[in-house]
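These are my notebook entries on one protein chain. I kept them in the order in which I looked things up.

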Amino acid sequence: MVSRIVIRTAVIILSLCAGFAVLVAGLIFMPGSPLPDRWNPRKPLMATAKYNYLTPSKLRFAINDFNSCQQALTDLGVKFKTLPDKNVSAQCHIVNQVQITKLSQATISPLKTTCGTALRLAMWEYHAVQPAALETLGQLVTKISQIGSYNCRAIRTVNGSANRMSEHATANAVDISGFQLASGKRISLLENWNGSDAEQSFMREIRNGGCDFFRITLSPEYNALHADHFHFDQGRWTTCR
């Protein structure tokens, strides 16, 4: 027979859980809630807000709505223009296409990609690249070098091409090869991944930061094919290497 103490304890625990659930629901749904928007799962993405565990889901919602995605780019100060969708085939296309030439602070050579890829890249630059540059190198990044987003091809491996199409085939990926600092100095993954202590710290911090905003982040530590660039994509799998 279950003792009265056990029953009372269970009732207390259930009551506390129910009360907590009501409190949380009230904070989420009540008008004028004191809960900050970035911690409220019902509120849209604030692209400049500090990263938290809700950011990935809010980011996905923003990416799935072209207008919300464009607004987030605008909020970050990204210089972009919308372009017509690119339809080559069922396997190769760009939906919700934009062209970006500047992120929040760093310029980038004209890059045609999906709005989602552009938004992830811009949030990475804002939240990861610039803070890491100041912390490890003592200056901001003024230019980011890219080597492409859209490319109608299969996945490349060290053993040749795979049977599955690359995320590049739908511009759901972007490759970043280097950076120019405010001093004018240029650093690249090929030359500086194993450079000075500060350069190594910078490269690894921004690689790790990429894992917050992209589902797949591949660096020179992954394989020889990535010795000269970061590969970022928003595909089905999750990898951070």
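I began with a definition: a contact means heavy atoms within 4.5 Å. Among contacts between residues at least 6 apart in sequence, I noted that 52% join residues at least 24 apart.

**Entry on the model.** I recorded that this is a predicted model, in which local features need pLDDT of at least 70, side-chain atom pairs count only at pLDDT 80 or more, and totals for chains, interfaces and linings use all residues. Residues are numbered from 1 along each chain as its sequence is written, and side-chain values use heavy atoms, with hydrogens and water left out.

**Entry on the whole chain.** I found six helices and 13 strands in the protein chain. Helices (H or I, at least four residues) and strands (E, at least two) are DSSP runs, numbered from the N terminus. Of the 241 residues, 43% count as buried. Buried means under 20% relative accessible area, exposed means over 50%, and partly exposed lies in between (1.4 Å probe, protein chains only).

**Entry on helix 4.** I looked up helix 4, residues 115–137, and saw that this helix bends by about 40° at Glu 125. The bend is the angle between axes fitted to the seven residues ending at a residue and the seven starting there. Helix 4 is largely enclosed by the rest of the structure, because 19 of its 23 residues are buried. After the helix comes Gly 138, with a positive phi near 75°.

**Entry on the core.** Which residues touch the most other members of the largest nonpolar core? I listed Leu 119, Leu 121, Trp 124, Phe 179, Phe 202 and Phe 230, out of 44 residues in this core. Helix 4 gives the most to the core, with 12 residues. A nonpolar core is a set of buried Ala, Val, Leu, Ile, Met, Phe, Trp, Tyr and Cys residues joined through side-chain atoms within 4.5 Å.

I followed strand 4 (residues 97–102) and strand 5 (residues 107–114), which run antiparallel and are joined by five bridges. Two strands pair if DSSP finds at least two bridges between them. A hairpin of four residues joins strand 4 to strand 5, and Lys 102 stands opposite Thr 107. Strand 5 also pairs with strand 6 (residues 141–146), in the parallel sense and over two bridges. There, Lys 143 is the bridge partner of Thr 107. From strand 5 the chain crosses through helix 4 to strand 6, and this β-α-β crossover is left-handed. A crossover is right-handed if, with the strands pointing away from the viewer, the path from the first strand over the helix to the second runs clockwise.

**Entry on positive phi.** Most residues other than glycine have a negative phi. I noted Asn 96, which is not a glycine and has a positive phi of about 55°. Asn 96 lies in the loop between strand 3 (93–94) and strand 4, and is partly exposed at a relative accessible area of 24%. Ala 171 also has a positive phi, near 60°. Is Ala 171 buried or exposed? At 0% relative accessibility, Ala 171 counts as buried; its place is the loop between strand 8 (160–165) and strand 9 (173–181).
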